[in-house]
Amino acid sequence: MSRILVIEDEPIIRTELRRLLTRAGHDVAEAGAVPEAAAEHALDAFDLVISDLRLPGPPGTDIIALCPGVPVLIMTSFATVKSAVDAMKLGAVDYIAKPFDHDELLLQVERVLREGRLTRQNAALKREVEQTWSPGGMVGTSPAMRDVFERVRKVAPSAATVLVLGESGTGKELVARAVHAQSPRAEGPLVAVNCAAIPEGLLESELFGHEKGAFTGAQAAHAGLVEAAHGGTLFLDEIGELPAPAQARLLRMLQDGEVRRVGATRSRKVDVRILAATHRDLPRRVQEGLFRQDLYFRLRVVEIRLPPLRERGEDVSALARHLLERSSRRMGRPPASLSPDALAAIAQHPWPGNVRELENAIERAVILADGPLITADLLALEPPGGPAVDSIPPVLEEADFPLVPASEDPRSPDSMEEYFRRFVLEHQERMGETELARRLGISRKTLWEKRQRLGIPRTRA
Ligand SMILES: Nc1ncnc2c1ncn2[C@@H]1O[C@H](COP(=O)(O)OP(=O)(O)OP(=O)(O)O)[C@@H](O)[C@H]1O
């Protein structure tokens, strides 16, 4: 059954049409003129409008502009070629000459309805594809994220170097993985390196390799991560932290397509696509003399900028639902949902740690929830500016160092994390990363990873 509106001022013809169409199984509404039709009916709810051309007041063709997307058939008793052509030019799908033959009219109506259904189905499919297509399963339909997906789609098949920018936890690594996965190198390796997690002194040899005897302890030759990515992609995360000597070596690699291992006299050809990411303001680092301008230009052949979560509108609740579904599945819990107060809290929170912070909040809530409903108190979102003073646990003494593995510690993992968070926040202004890691009894890499997981970015340059 379709909903059809008939606009006809002559009661006899109107009744005749209504009977005919109702008998054919349609739901028919009527009006005697265009303004009446517009005032009394929700026009976009109809599947078809059949309107006489000559009506009291505006002509029947005026209805076309008032119901975009709804097919309009125009009837005229003066079926000249000209009036029919004019009606079609204005957007009518067809015209009917009066007096009409019942069977012909019904055939015409069925054809137009069928075509209308197909057009609407196609439009809905297109919308769905546009909304749900996202690289690497990334969630987002906000205009800013659609731009990101579009860029990924365009740049992936090329060999261009890509610089992914955005605050911590916005999904930069996910974008890099999607670019690789959609590139012709997808079957090759994707080697991801966090430049900030490797101690400065080791970074060059880790990345570019070294020859035997290149430095004390180099007992054997070693191929670096660049060579390991041969035929594939090398993702350099936190590229802003790359020390100057490694910057120079990377620039040479990008210019010549060759790498020279530390201590080597000759270079080797490599076929590697470079993707880089940073949460830093790289142009500022260039100005401050901390990052080479020539390397910056080489890296930013294409830039993909990820918006912070607070600028993604409705994406936040869609992401929350997606992450909730994923967390519940991973933890073997039944499907859960977010209560209205949880959704309101999520919409209001500024998410300084972006998607990663949301992911952590949801995961914590799933662990703590007793049933399938996640409420705002389970999310425990801290107000902007950090936790309230009286919610901070008492300061732990230095005698507690080093951190012992959680499994051997009577304290809960939560308080260990809180302890870590407090220690880092309190000492990072005056301690370097190496000192912080040493005092905590963990490696620099673990320190970096814990910072990422808990959403405590480095504040020192
Ligand atoms: N649009 C998204 N849809 C689904 N999950 C996302 C999305 N964006 C990020 N995530 C998830 O959020 C977490 C953080 O993402 P990712 O590690 O890519 O961020 P990042 O910007 O590289 O962070 P950092 O700068 O701290 O390295 C990951 O677990 C990732 O899977």
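The legends below describe close-up views of a predicted model.

**Conventions.** Residue numbers start at 1 in each chain and follow the sequence as written. Because the model is predicted, local features need pLDDT of at least 70 and side-chain atom pairs count only at pLDDT 80 or more, while totals for chains, interfaces and linings use all residues.

**View 1. Overall content of the protein.** The protein has 19 helices and 14 strands, where helices (H or I, at least four residues) and strands (E, at least two) are DSSP runs numbered from the N terminus. Of its 461 residues, 31% count as buried. A residue is buried if 20 or more other C-beta atoms lie within 10 Å of its own, exposed if 12 or fewer, and partly exposed in between, with C-beta atoms placed from the backbone. Among contacts with a separation of 6 or more, 67% join residues 24 or more positions apart; a contact requires C-beta atoms, placed from the backbone, within 7 Å.

**View 2. The shell around the ligand.** The ligand is surrounded by 18 residues, the closest being Ser 168, Gly 171, Lys 172, Glu 173 and Val 355; a residue is near if its C-beta atom, placed from the backbone, lies within 6 Å of the molecule. Helix H7 (172-181) and helix H15 (354-368) are the elements that give two or more residues to this shell. The ligand lies between domain 2 (139-307) and domain 3 (312-379), because both give residues to the shell; the domain bounds come from an automatic or database domain assignment.

**View 3. Helix H7 and its cover.** Seven of the 10 residues of H7 are buried, so this helix is largely enclosed by the rest of the structure. The buried residues are Lys 172, Val 175, Ala 176, Arg 177, Ala 178, Val 179 and His 180. Their cover includes helix H6 (143-155), strand E6 (162-165) and strand E12 (302-305).

**View 4. The largest nonpolar core.** This core has 52 residues, of which Val 164, Val 175 and Leu 234 touch the most other members. A nonpolar core is a set of buried Ala, Val, Leu, Ile, Met, Phe, Trp, Tyr and Cys residues joined through C-beta atoms within 7 Å. H6 supplies the largest share of the core, five residues. Domain 2 (139-307) and domain 4 (389-454) both give residues to this core, so it lies between them. Apart from this core lies another, of 31 residues, among them Leu 17, Phe 46, Val 49 and Ala 92.

View 5. Asp 52 is found in strand E3 (residues 48-52) and counts as buried, with 24 C-beta neighbours inside 10 Å. Leaving aside neighbours within four places in sequence, Asp 52 is in contact with Ile 7, Glu 8, Asp 9, Gly 60 and Met 75.

View 6. Most residues other than glycine have a negative phi, and most peptide bonds are trans. A cis peptide bond, with omega about -5°, joins Lys 98 and Pro 99; Pro 99 lies in the loop between strand E5 (94-97) and helix H5 (102-132). Asn 354 has a positive phi of about 55°, is placed in helix H15 and is buried, with 24 other C-beta atoms within 10 Å. Ala 380 has a positive phi of about 45° and counts as partly exposed, with 13 C-beta neighbours inside 10 Å.

Definitions and conventions: Two residues are in contact if their C-beta atoms, placed from the backbone, lie within 7 Å.
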